[in-house]
Amino acid sequence: MPAESAIRDDRATDEEWEVGVVRRETFSYTVRARCSQADAVALLSDLSRQEELHPLILRVRELPPRPGARASYAVTDRLELGPLHFPVTYQADVLLVTDDEIIVEARQQPGTTVRNHTRLRTEDGLLRIDVEITLAAPAPLFGYAFRQARAAHLGLASRLGDVLDRLSDGGPITG
């Protein structure tokens, strides 16, 4: 159930707070692949390698890391609204990368953030990748933004297992 912020959330940026009520919702998915944890971490923590994996991404440009980030990127997506197609560029920061966890946060005006928290572990001889996506956006934009984010990330999820399997066999991201 979507939650509305009636009081200031310390995790929200000042920009998010200024535009009014911020709605926040989370969805998750799990992918299993036969690859090493290191290969999965390398792919998932390097956004420049995801242009062909993520269904909306048109291009990714690496930026100097923002304070507190391990890496920062300008990412351009191709969004659709009815018959209209338009590019949108946002900033994404890789905040944490360990052997079993990755956190990436993307921000776009006005006050929209997508936080991707990925956890990896071996289970029954396969790599299990659990991804939790949390989107926060001003209430008037929330429905559209959430539908786009969920469709894009579930599209990525449907490709990820095969891509990681190919990488473990020495193949390319695209098949």
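## T118 in strand 7

T118 lies in strand 7, which spans residues 112-123. The model is predicted. The relative accessibility of T118 is 4%, so this residue counts as buried. The cut-off for buried is under 20%.

Beyond its neighbours within four places in sequence, T118 contacts L44, D100, E101, I102, I129, D130 and V131. Take D100 from that list. In sequence, D100 and T118 are 18 residues apart. In space, their C-alpha atoms are 8.1 Å apart.

## Helix 2 against helix 3

L44, one of the contacts of T118, also takes part in a helix pairing. Two packed helices are described by the angle between their axes and the distance between the axes. For helix 2 (residues 37-44) and helix 3 (residues 139-168), the angle is about 120 degrees. Their axes are 10 Å apart. The two helices are therefore oblique to each other. Helix 2 and helix 3 cross with right-handed geometry.

Which residues meet? Helix 2 brings D39, A40, L43 and L44. Helix 3 brings L160, V163, L164, L167 and S168. By class, this contact has seven nonpolar residues, one polar and one charged.

## Confidence

Average pLDDT for the protein chain is 86. A score of at least 70 is reached by 85% of the residues. Residues 1-19 have pLDDT below 50. In the model, this stretch has 29 contacts beyond near neighbours in sequence.

Technical notes. Residues numbered from 1 in each chain as written. Predicted model: local features only at pLDDT ≥ 70, side-chain atom pairs only at ≥ 80, totals over all residues. Heavy atoms only, no water. Axes fitted to C-alpha atoms, helices over the stretch in contact; angles between N-to-C directions. Helix = DSSP H or I, 4+ residues; strand = E, 2+ residues; numbered from the N terminus. Parallel < 35°, antiparallel > 145°, perpendicular 65-115°, else oblique. Left-handed = near helix turned anticlockwise from the far one by under 90°. Contact = heavy atoms within 4.5 Å. Nonpolar A, V, L, I, M, F, W, Y, C, P; charged D, E, K, R; others polar. pLDDT = per-residue confidence, 0-100. Buried < 20%, exposed > 50% of the residue type's maximum accessible area, 1.4 Å probe, protein only.
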